[in-house]
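Biologist: Could you walk me through the side-chain contacts in this one? I would like to go through the rings and then the charges.

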Amino acid sequence: MKPTFHAIQVNGPFEDPCIYIRILREKRAIFFDLGYIGRVELGNLLKVSDMFVTHTHMDHFVGFDTALRAMLRRDIPLRVFGPDNIIDCIEGKLKGYTWNLIKDYPLKIEAFGVSSNSISHSSFYAENAFSRIDNPPMGFDGFLLKEPMFRVKGLLLSHQIPVMAYSIEEEQHININKSVLSEMGLQVGPWLSEFKKAIRQGDSEKTFELNKRTFSIIELMPIATITKGQKISYVMDASPTDVNIESIISFVRGSDHFFCEAYFLEKDRERAEKRHHLTAAIAGMIAREAGAANLTIMHFSPKYRHQEEELYQEAMREFRP
């Protein structure tokens, strides 16, 4: 079965953190973090509908300007999520440029700042020279997006400052059995996306006109195999406190793929605590305790450029002892 989410680590483990997640068959993608994104092809960049920023340190947010420049003439709105200060930071970036010639540009940016129990929402539209429009706040119940195909959850952690962790998860994975499809005399086509959408929404009244015949959802169900949905989780720049670690384990539990920072080796734990970062050993332990299927560690301190393998070994000793 083909996974719905295809996650790509944009940069190397010593470079800016950034994960590009392509949502297959949807011509859509999201970012977890916005470090350097110059390696992402323009066509792929323009597929991005949502950006989830852990915090606004430069190595996690510098790519916003690159994305903005690429998307200025795009009709599809861009949503950006982050901790509570993300709106001020986006406003500051936008104020750093002069926008007197963009009134006819279509881009609309919706920015969402997450605090412990609420989400602030501000809009920045090219037609208004990206002047800030504040909207009513919303409640925060752990979910940032809820769509028929998937959900995105956020978790507030501490890095001396508030930071966000993220997960994207399918409600269920729907695979089409092409042999059964063929036996029914049906062909692959765009209608299958509508069929899957109807299943996710529980729309039992939906019908499909195929081969000059009307099919109900129930009649078409033999072509579908429904399994547990895919889950990808992402944690960067978190202080190695018991509270953070316990929260992360619960948050990433059952992940098919867990991307986690491993900024320091465990032998430098005192330094990790002072700099508010996780160690490779902690990343491995979290993945094991959470029952993650796969672990990718990243965001290594430059001091380990000649010890890269030690970081991987330390994480794997904890993950798969």
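This is a predicted model: local features need pLDDT of at least 70, side-chain atom pairs count only at pLDDT 80 or more; totals for chains, interfaces and linings use all residues.

Biologist: How many aromatic pairs does a search of the whole structure find?

Modeller: The search finds 18 aromatic pairs. One of them joins tyrosine 263 and phenylalanine 264, whose ring centres are 5.1 Å apart with the planes at 70°, so this pair is edge-to-face.

Biologist: And is phenylalanine 264 buried or exposed?

Modeller: Phenylalanine 264 is buried, with a relative accessible area of 3%, and tyrosine 263 also counts as buried, at 18% relative accessibility, because the cut-off for that class is under 20%.

Biologist: Which aromatic pair does phenylalanine 264 form with tyrosine 304, edge-to-face or stacked?

Modeller: That pair is edge-to-face, with 6.4 Å from centre to centre and 85° between the planes. Phenylalanine 264 sits in the loop between β17 (257-261) and α9 (269-275), while tyrosine 304 sits in the loop between β18 (295-298) and α11 (308-319), so the contact ties together parts that are 40 residues apart in sequence. Tyrosine 304 is itself buried, its relative accessible area being 0%.

Biologist: Which residues form one aromatic cluster?

Modeller: The cluster is made up of Phe32, Phe52, Phe81, Phe112, Tyr166 and Tyr234.

Biologist: Switching to charges over rings, which ring face does lysine 108 lie over?

Modeller: Lysine 108 lies over the face of tyrosine 125, at 4.9 Å from the ring centre. In another such contact, lysine 153 lies over the face of phenylalanine 143, and there the distance to the ring centre is 5.3 Å.

Biologist: Now the salt bridges, how many does the count come to?

Modeller: The count comes to 19 salt bridges. Among them is the one between glutamate 147 and arginine 79, whose side chains meet at 3.3 Å, N to O. Glutamate 147 is in the loop between β9 (143-146) and β10 (150-158) and arginine 79 is in strand β5 (residues 78-83), so this bridge ties together parts that are 68 residues apart in sequence. Arginine 79 is partly exposed, with a relative accessible area of 25%.

Biologist: What about aspartate 88 and arginine 132, where does each lie in the chain?

Modeller: Their side chains meet in a salt bridge at 2.8 Å, N to O. The pair links distant parts of the chain, since aspartate 88 belongs to helix α4 (residues 86-95) and arginine 132 to strand β8 (residues 132-139), 44 residues apart. Aspartate 88 counts as partly exposed at 47% relative accessibility, and arginine 132 counts as partly exposed at 31%.

Biologist: Which residues are linked with those two in a network of salt bridges?

Modeller: The network links Asp88 and Arg132 with Glu91, Lys95 and Asp134.

Key
Residues are numbered from 1 along each chain as its sequence is written. Side-chain values use heavy atoms; hydrogens and water are left out. Rings of Phe, Tyr and Trp (its six-membered ring) pair if their centres lie within 6.5 Å; planes under 30 degrees apart count as stacked, over 60 as edge-to-face and the rest as tilted. Buried means under 20% relative accessible area, exposed over 50%, partly exposed in between (1.4 Å probe, protein chains only). Helices (H or I, at least four residues) and strands (E, at least two) are DSSP runs, numbered from the N terminus. A charge sits over a ring if NZ of Lys or CZ of Arg is within 6 Å of the ring centre and within 35 degrees of the ring normal. A salt bridge is a side-chain nitrogen of Lys or Arg within 4 Å of a carboxyl oxygen of Asp or Glu.
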